[in-house]
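Hi,

Here is the structure I promised to pass on.

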Amino acid sequence: MICISLTEPTVAGCLKALEGVGLAVVRLDKMRIGAAGVAAIFSRHPLLIATCRPGTMPEAKRRRLLLAAVEAGAAFVDLELDAEARFRDRLIRAARGRNARVIISHHDFRRTPPRAELEAIVGRAFEIGADVAKIACRVREARDSARLLGLLDFDKPLVVIGMGKKGRLTRIAAPLLGSLWSYASLGRGRETADGQLDAASLERHLLELGALGHD
């Protein structure tokens, strides 16, 4: 499955971008938005992931936006592995009450850790309440991609991403090996992460490899 990553700055722009899109992640940290805008987006689309990364706005507002997304009908909410425990547990309870699934994510922008460390990260994510664990690491050499893709033999729902140009292989191979989805931009020039493919290119690769149907 392909998940479109959106960073449209306005509610109107986001709703326009979502036309005809299946699964998408809405980067609330990239938007000029309040709780009413969050409700307008997440109440109108059945398959959205709410994400709001720390550091771009006051923490209290970030937490309000994530809770508002869950209340409005987000299918998934994505929270960092190292999030403050009290808020994390509150968000998980809210998600459970609204039948939203919780993604616990870990990002390493410098490297891909050794296998044992990656396994410990995955284990920790599920221990604290993940329905899905997301692991995104910087790929510097082929062995990094191999370690990331090797995580997909876990009998748990995972999303695995190799960041950077050298990690592009993982964005194509991971869905073939069991990753729930791979992130892609809406179009060329609209990438939201280093090494990300646009949706049309990723779909073409997956079709060629038989990972997507032809309907």
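Before the helix packing, a word on terms: an axis here is a line fitted to C-alpha atoms, for helices over the stretch in contact, and angles between axes run from 0 to 180 degrees between the N-to-C directions. Two packed helices are described by the angle between their axes and the distance between the axes. Keep in mind that this is a predicted model.

With that in hand, start with helix α2 (residues 35–42) and helix α3 (residues 59–72): they pack at an angle of about 35°, and their axes are 8 Å apart. Their crossing is right-handed. On the α2 side the contact is made by Ala35, Val38, Ala39 and Phe42, and on the α3 side by Leu65, Ala68, Ala69 and Ala72.

While you are in α3, click on Val70, which lies in that helix. Is Val70 buried or exposed? Its relative accessibility is 0%, so Val70 counts as buried. Leaving out residues up to four places away in sequence, Val70 touches Val77, Leu91, Ala94, Ala95 and Arg98. Arg168, on the other hand, is 98 residues from Val70 in sequence and 31 Å from it in space, C-alpha to C-alpha.

α7 and helix α8 (residues 199–208) pack at an angle of about 45°, with 10 Å between their axes. Angles of 65 to 115 degrees count as roughly perpendicular and those under 35 as roughly parallel, and α7 and α8 are therefore oblique to each other. Here too you will find a right-handed crossing, where α7 passes α8. Which residues meet there? Arg171, Ile172 and Pro175 come from α7, while Leu202, His205 and Leu206 come from α8.

Now for the aromatic rings. The structure holds two aromatic pairs. One of them is Phe76 with Trp181, an edge-to-face pair at 5.2 Å centre to centre with 75° between the planes. Phe76 sits in strand β4 (residues 76–80) and Trp181 in the loop between α7 (168–177) and β8 (182–185), so this pair ties together parts that are 105 residues apart in sequence. Both Phe76 and Trp181 are buried. Trp181 also pairs with Tyr183: the ring centres are 6.4 Å apart and the planes are at 90°, so this pair is edge-to-face. Trp181 and Tyr183 are both buried. Put together, Phe76, Trp181 and Tyr183 form one aromatic cluster.

His106 is found in strand β5, and its relative accessible area is 19%, so His106 is buried; the cut-off for that is under 20%. Not counting residues up to four places away in sequence, His106 touches Leu81, Ile121, Lys134, Ile135 and Ala136. His106 and Thr170 are 64 residues apart in sequence and 16 Å apart in space, C-alpha to C-alpha.

The other is Asn99, in the loop between α4 (85–97) and β5 (101–108). Asn99 has a positive phi of about 60°, although it is not a glycine. Buried or exposed, then, for Asn99? At 72% relative accessibility, Asn99 counts as exposed.

Key. Residues are numbered from 1 along each chain as its sequence is written. This is a predicted model: local features need pLDDT of at least 70, side-chain atom pairs count only at pLDDT 80 or more; totals for chains, interfaces and linings use all residues. Side-chain values use heavy atoms; hydrogens and water are left out. Rings of Phe, Tyr and Trp (its six-membered ring) pair if their centres lie within 6.5 Å; planes under 30 degrees apart count as stacked, over 60 as edge-to-face and the rest as tilted. Helices (H or I, at least four residues) and strands (E, at least two) are DSSP runs, numbered from the N terminus. Buried means under 20% relative accessible area, exposed over 50%, partly exposed in between (1.4 Å probe, protein chains only). Angles under 35 degrees count as roughly parallel, over 145 as roughly antiparallel, 65 to 115 as roughly perpendicular and the rest as oblique. A crossing is left-handed if the near helix is turned anticlockwise from the far one by less than a right angle, and right-handed if clockwise. Contact means heavy atoms within 4.5 Å.
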